Amino acid sequence: MSAPSERYTTVAIVLHWIIAIAIVGMLMGGWYMTNLPDGAPGQYDLYQFHKSLGITILLLTVARIIWRVMNPPPALPGDMKGWEKSLSHLVHIGVYLLMIALPLTGWLYSSVSLKLDVPTVLYGVISWPDMPFVEGLKTEAGAGAANRAHGMLGFLAVALIALHIGGAIKHEFGAEDGVIKRMAPGLFGPDNVFAKPSRGALTAFGSAFALLVVIAGAGPAMSALSGAGAPVASGATFEPNWAVDADASSIRFSGIHDGNEFSGQFGNWDAAIQFEPTAPENAEVRVTVSTASATANQKLYTDSLPSGEWFNTAAFPTASVDILDIASGGDGTYTSTARLTLKDLTVDAAFPFELQIDGDRAQMTGQAVFQRTPLDLGQASDPGADWVSEDITVNVVVEADRLN
Ligand code: HEM
C-alpha cells in the first residue's frame, strides 16, 4: 500500500461541501418548482430563492477555482491506474464547467424569458441585474433555447455527480489508499494531513465579492445615469388656485401578490388644482406622476415596476390623471371620474372622495380601483392574474393651501 496521501485544504473542503449540498438542493428544488402549477402558493418565493442560491453558487465557484489554482490539490493516489486518473480529471473538469454553466444558463434564461420577466433580488436584499448583452435573445426561440440548455445541464449534472460519487466510493473501498478521507477528513479512518500551508484566501473570496459588487452595482449606476427621479411638473394649462403640500400628501397603491397584500407609493408627483366648493362641476384637476418614483414594500416589487411590462419607465417616464365630472354628494362627499393615462393607454375609474376645507386649508382623501389588463400591466408574466391581483387600489391623500 502507498503512503497516506495528503488531504485537501480546509477552505477547499468547506467550499466543496457547501457547494455540493447547495447543488443537490438546487437540482431537487429546480425540478420541484417548475412542476408546480402556475400561481401555486410560495412558487414565486421559490423561484427567487432558486435564483439567489444559484448566483451564490456561481460566486463561490469563482472563489473555489481561484483557490484551487493557488492551492493545487493533492495528487491522486499513486496506485490508481492511468485511465482511472484521466477519467477522474475529466469528471472534475466537467463538474467545474457545470458549476459555472448551470448558474450562467439560469441567469441567461431569467434575463431573456418573456414569461418570467421578473427581476432577481438576491435573498430579497441585493438587486441582481439581467445578464448584459443578451437583449437579442429575448424572443420565444431564444428564451426556449436558454430554458432547455439550463434543464439539460441539470440532467448532465446528475450523471456527472453520479460518476463522481461512484469513483470516490470505488477508490475509497478499492485497493487504493482511499480518496474520500482527503475531502472528508476523519470519515473513513485516520485523518490525512495537508502538508503545505494554504494561501490566497483574500484573492479568492475578494474576487468573488468584487464580482458581486460590480454586477449588483451596475443596475443602480445605470438608472442614476438615466436621470430617473428628476422632479415632474403638472403641465396643466389652467391657473391653479390651490397649492399641494407635498409632505402631507400621498398617492399610494396596493393589491395582492402571491396571496399577500403589497403596497407602494409614488415619491415624485405634482398636482394642479382649480377648485371652488361652490361650483365643483367647473373644477379642473391634473396630476402628473413620475413612474420611476414608485417604491413598494418589498425590494423585489420596487425593482419590478420600472420594467417594460409594468410602468416601462424608460419609454413612459410620466403618467397623468385628470379628475373629471366632480359632483357634490353633500356633507363633504363628492363623486368624480379619474381618467388615468399610463403608457399611452387611457382608462376611467370612479373616484369618490371626501373633502374638508378649513379656512385656507383643504384636506382630501379618495380611492379609485384600476384593472391591470386595460393598462397593459404585467401582461407578459401574469396575464391570468395568477400571482398579482387584477384590481389595483389607489389611495390619495392631498392637503393643499388656497392660493387666491
Ligand atoms: C448550480 C446552480 C443551479 C442549478 C443546479 C439549477 C438547477 C435547475 C433545475 C434542475 C431546474 C429545472 C429545469 C427544468 O425545467 O427541467 C431549474 C430551473 C430554473 N432555474 Fe436553475 N439552477 C441553477 C442556477 C440558476 C440561476 C443562477 C438562475 C437565475 C439567476 C436560475 C434560474 C432558473 C429558472 C428561472 C428556472 C425555471 C425555468 C422554468 O420555469 O422553466 N437557476 N434550475
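Student: Hi! Which helices supply residues to the shell around the ligand?

Tutor: Hello! This is a predicted model, and in it helix 1 (10-34), helix 2 (43-70), helix 3 (82-112) and helix 4 (140-173) each supply at least two residues of that shell.

Student: How many residues surround the ligand, and which are the closest?

Tutor: There are 25 residues around the ligand, and the closest are Gly30, Gly54, Gly106, Gly151 and Gly154.

Student: And how do the shell residues divide into nonpolar, polar and charged?

Tutor: You'll find 13 nonpolar residues and 11 polar ones in the shell, plus one charged residue.

Student: Let's look at helix 1. What is its reach from first C-alpha to last?

Tutor: Helix 1 has 25 residues and reaches 36 Å, which is close to the 36 Å expected at 1.5 Å a residue.

Student: Which of its residues are buried?

Tutor: In helix 1, Ala12, Leu15, Ile23, Met26 and Gly30 are buried. Gly30 is also one of the residues closest to the ligand.

Student: What do those buried residues pack against?

Tutor: The buried residues of helix 1 pack against helix 2 and helix 4.

Student: OK, helix 2 then. I clicked on Ser52. Where is that residue found?

Tutor: Ser52 is in helix 2. Ser52 counts as partly exposed because 18 other C-beta atoms lie within 10 Å, and a residue needs 20 or more to be buried.

Student: What is Ser52 in contact with, leaving aside its neighbours within four places in sequence?

Tutor: With those neighbours left out, Ser52 is in contact with Leu122 and Tyr123. For another view of Ser52, take Ile66: the two are 14 residues apart in sequence, and their C-alpha atoms are 22 Å apart in space.

Student: Tell me about Tyr123. Where is it found?

Tutor: Tyr123 is in the loop between strand 1 (120-122) and strand 2 (126-128). Tyr123 has a positive phi of about 50°, although it is not a glycine.

Student: Why does Phe133 count as exposed?

Tutor: Phe133 counts as exposed because it has 7 C-beta neighbours inside 10 Å, and the limit for exposed is 12 or fewer. Tyr123 is partly exposed, with 13 other C-beta atoms within 10 Å.

Student: New topic! How is the protein chain divided into domains?

Tutor: Domain 1 covers 10-224 and domain 2 covers 242-402. The contact between them takes 15 residues from domain 1 and 13 residues from domain 2. On the domain 1 side, those residues divide into eight nonpolar, four polar and three charged.

Student: How far apart are the C-alpha centres of the two domains?

Tutor: The C-alpha centres of domain 1 and domain 2 lie 45 Å apart.

Student: Last one: what does strand 14 pair with?

Tutor: Let's go through some partners. Strand 4 (residues 250-257) pairs with strand 14 in the antiparallel sense over five bridges, and Ser250 has Val397 as its bridge partner in strand 14.

Student: What about strand 3?

Tutor: Strand 3 (residues 242-244) and strand 14 (residues 391-402) are antiparallel too, with three bridges. Ala243 is bridged to Asp401 in strand 14.

Note on methods
Residues are numbered from 1 along each chain as its sequence is written. This is a predicted model: local features need pLDDT of at least 70, side-chain atom pairs count only at pLDDT 80 or more; totals for chains, interfaces and linings use all residues. A residue is near a molecule or strand if its C-beta atom, placed from the backbone, lies within 6 Å of it. Helices (H or I, at least four residues) and strands (E, at least two) are DSSP runs, numbered from the N terminus. Ala, Val, Leu, Ile, Met, Phe, Trp, Tyr, Cys and Pro count as nonpolar, Asp, Glu, Lys and Arg as charged, and the others, Gly among them, as polar. Two strands pair if DSSP finds at least two bridges between them. Domain bounds come from an automatic or database domain assignment. Two residues are in contact if their C-beta atoms, placed from the backbone, lie within 7 Å. The expected span of a helix is 1.5 Å times one less than its number of residues.
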